[in-house]
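Hi,

Here is the structure I promised to pass on. My notes follow below it.

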Amino acid sequence: MKKFTFLVEFRGGTYISQYKAINLTEALFLWANNVDVPVFTNKIQERIKEKIKEEDFFPIAVKTVDNVWCTSYVIFRSLLLLNIVETV
């Protein structure tokens with residue numbers, strides 16, 4: 001198992017969480033299904049779950065560093081910036 005750290009910027013806040021998973025895809029789904037932040041209402045969580053299933057929104061590797069990915073989503077007219085770091 002690998003550990004993935006999720007750094008989320010959304011509506012003026014920064015939210016950090018970690019999940020253990022076999023790979024990035026599994027970690028992304030764990031994050032989307034378990035995010036426990038009051039600003040993420042059920043409606044917002046459902047929209048995030050929809051977005052991560054779309055190939056165009058899958059996190060892309062950051063070229064200048066190892067084991068770091070980034071993506072962004074527009075959720076109800078608010079930008080959600082997601083950085084993911086595979087940590088030891």
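**Helices on the sheet**

Helix α1 lies across β1, β2, β4 and β5, and runs at about 130 degrees to β2. Please keep in mind that this is a predicted model. Helix α2 lies across β1, β4 and β5. Its angle to β4 is about 125 degrees.

**The sheet**

Five strands make up an open sheet. The order is β2-β1-β5-β4-β3, and the pairing is antiparallel. β2 and β3 (60-61) are the edge strands, each pairing on one side only.

Two of the pairings in more detail:

- β1 and β2 (residues 13-21) pair in the antiparallel sense over nine bridges. Here Glu9 stands opposite Thr14 in β2. The hairpin of β1 and β2 has two residues between the strands, and Arg11 takes a positive phi near 50 degrees there.
- β3 and β4 are also paired in the antiparallel sense, over two bridges. Ala61 stands opposite Trp69 in β4.

**Helix α1**

The buried residues of α1 are Leu24, Ala27, Leu28, Trp31 and Ala32. Down the helix axis they fall within an arc of 135 degrees, so they line one face of α1. What covers them includes β1, β2, α2, β4 and β5.

Thr25 is also in α1. Is Thr25 exposed or partly exposed? Its relative accessibility is 36%, so Thr25 counts as partly exposed. For buried, the value would have to be under 20%; for exposed, over 50%.

**Helix α2**

α2 covers residues 42-52. Its buried residues are Ile44, Gln45, Ile48, Lys51 and Ile52. Viewed along the axis of α2, these fall within an arc of 120 degrees, so they too line one face of their helix. Covering them are, among others, β1 (2-10), α1 (24-34), β4 (68-75) and β5 (78-87). Asn42 and Lys43 are exposed, on the face of α2 turned away from its buried side.

**How the two helices meet**

How do α1 and α2 run relative to each other? They pack at an angle of about 165 degrees, with axes 9 Å apart. Angles over 145 degrees count as roughly antiparallel, and α1 and α2 are therefore roughly antiparallel to each other. The crossing of α1 past α2 is left-handed.

Which residues make the contact? From α1, Leu28, Phe29, Trp31, Ala32 and Asn33 meet Ile48, Lys49 and Ile52 in α2. Leu28, Trp31 and Ala32 are among the buried residues of α1. On the α2 side, Ile48 and Ile52 are among the buried residues.

Thr25 and Lys49 are 24 residues apart in sequence, and their C-alpha atoms are 12 Å apart in space.

**Val85 in β5**

Val85 is found in strand β5. With 25% relative accessibility, Val85 counts as partly exposed. What does Val85 contact, leaving aside its neighbours within four places in sequence? The partners are Lys3, Phe4, Thr5, Leu7, Asn67 and Val68. Of these, Lys3, Phe4, Thr5 and Leu7 fall in the range of β1 (2-10), and Val68 in that of β4 (68-75). Both β1 and β4 sit beside β5 in the strand order.

Arg11, from the hairpin of β1 and β2, is a separate matter. Val85 and Arg11 are 74 residues apart along the chain, with 21 Å between their C-alpha atoms.

Best wishes

Note on methods: Residues are numbered from 1 along each chain as its sequence is written. This is a predicted model: local features need pLDDT of at least 70, side-chain atom pairs count only at pLDDT 80 or more; totals for chains, interfaces and linings use all residues. Side-chain values use heavy atoms; hydrogens and water are left out. Buried means under 20% relative accessible area, exposed over 50%, partly exposed in between (1.4 Å probe, protein chains only). Helices (H or I, at least four residues) and strands (E, at least two) are DSSP runs, numbered from the N terminus. The arc is that of the directions from the helix axis to the C-beta atoms. Contact means heavy atoms within 4.5 Å. Two strands pair if DSSP finds at least two bridges between them. Axes are lines fitted to C-alpha atoms, for helices over the stretch in contact, and angles run from 0 to 180 degrees between N-to-C directions. Angles under 35 degrees count as roughly parallel, over 145 as roughly antiparallel, 65 to 115 as roughly perpendicular and the rest as oblique. A crossing is left-handed if the near helix is turned anticlockwise from the far one by less than a right angle, and right-handed if clockwise.
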